[in-house]
Structure formats: C-alpha cells, structure tokens
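This briefing covers the sheet and the nonpolar cores of one protein model. Please look at the sequence and the structure first.

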Amino acid sequence: MILQGNIRANGAELAKHLLNDRQPDPYQESFRPFRVGNERVELAELRGFVATDLAGAFGEVEAIATGTRCTKPLYSLSINPSQPMNRDQYARAVDRIEEKLGLTDQARAVVFHVKNGREHCHVVWSRIDHEQMKARHMEFDHQKLREVARELVREFGHDMPKHLGEDRGTDRFKEGFQQATLASLSQEARSGISPEER
C-alpha cells in the first residue's frame, strides 16, 4: 500500500484533476507528459461542506482560509493499494489515516479512480479549523503515513512491500555520519593527523 500526501493550494485545479477522466495532472505533467486518464471517476463522499460539488467544496475551504495566514489549506492524499480492497477497507483506511494525521472531524472529500483496471482512492481534507481559524499542522506526515500503511497492510492481510517493511528510523543517517567529510579529509591532508587520532 502506497500512501502519498501533501499540502496543497489551488482547489479549482485539484478538483478539475480529480474529476476529469482524461486530463493529465498539471502537477505531474513535467514528469509524465503522456499520462492516460482514468477509466472511471466516482465522487464517493463530501463531508462537512455546504457545497454539493468538489470545486465548490474546495472553494469554500480557500474562502475560509483567507481569514487565516494559511496559503495551502488542503491536504491531498492518494491511497494506492498493492492488492484490491473493498469499500469497507477503504473506509477503515481513510478513518485511520485521518486520525493519525490529526484531521479527525475536518471536512473531507473522497474520490475513487479506476486506471488500467486498478482502483485507487484520493482523499482531500480541509486543514482549516473553523473554531480556532487556524490551519492544522502537518508535521511528520510522511512518517505517520508510513506507520499507518504498515498497520493497514498487516490488518488487511496484504503482502508487505519491501520498501514499507524496512524502516531503519534514525539508523538511515549513521552511514553518512561515519563517512569522512571533505573538510575532515582536507584537515587530515594539511595536519597529517587522522580524524580518529584527533
């Protein structure tokens, strides 16, 4: 299961991309200019919005955000399962992700796409807390998504992808710290004293 999320602005373009079944994503165009559109698009849920359409819902969020300092009031997530999931599993996954990211009870939209015969899901939340008129902070969201993805893979009985099962945490930085830096090599060349001797 691959979970990719990011904070975003420009709700009109995001809504257009999520609902258009044959238009390339403008944010991905430079990487994949010849992308084929989706075979099927379904707006499955709009929760917490006055508007009944996706563009209107994202417009609401952006209008409310003008009362804050937030310039990217949306959090967009894609759920790409490695194995097929039913709608109950998607619903459980969305609720768990929402809780993990601290977006519980925020307005959200859920859109399903079918591309090349595979179904995947997009969820977009409002980051704006209406009561406090502040944006919810999304610190460490990528690490939180990795954690919840591992939990969901185990819960649903899917095969654990290699990249997801290996989380070395802070150990991933040790190799870089153990390598000699250009500055330490230069100092060794000038002084004749190795870093270990220093």
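The points below describe the sheet, then the cores.

This is a predicted model, in which local features need pLDDT of at least 70, side-chain atom pairs count only at pLDDT 80 or more, and totals for chains, interfaces and linings use all residues. Residues are numbered from 1 along each chain as its sequence is written, and side-chain values use heavy atoms, with hydrogens and water left out.

**Sheet**
- Five strands make an open, antiparallel sheet in the order 1-3-5-4-2; strands are DSSP runs of E with at least two residues, helices are runs of H or I with at least four, and both are numbered from the N terminus.
- Two strands pair if DSSP finds at least two bridges between them.
- Strand 1 (2-8) and strand 2 (40-47) are the edges; each has a single partner strand, so one side of each lacks a neighbour in the sheet.
- Strand 4 (residues 108-115) pairs with strand 5 (residues 118-126) over eight bridges in the antiparallel sense.
- Within strand 5, His122 is the residue opposite Val111.

**Nonpolar cores**
- A nonpolar core is a set of buried Ala, Val, Leu, Ile, Met, Phe, Trp, Tyr and Cys residues joined through side-chain atoms within 4.5 Å; buried means under 20% relative accessible area (1.4 Å probe, protein chains only).
- The largest core has 25 residues, of which Leu3, Tyr75, Leu77, Ile79, Ile97 and Trp125 touch the most other members.
- Strand 3 (74-80), helix 3 (87-101), strand 4, strand 5 and helix 4 (141-156) each supply at least two residues of this core.
- Helix 4 gives the largest share, six residues.
- A second, separate core has 16 residues, including Leu14, Phe58, Ala107 and Val124.

How values were computed
Buried < 20%, exposed > 50% of the residue type's maximum accessible area, 1.4 Å probe, protein only.
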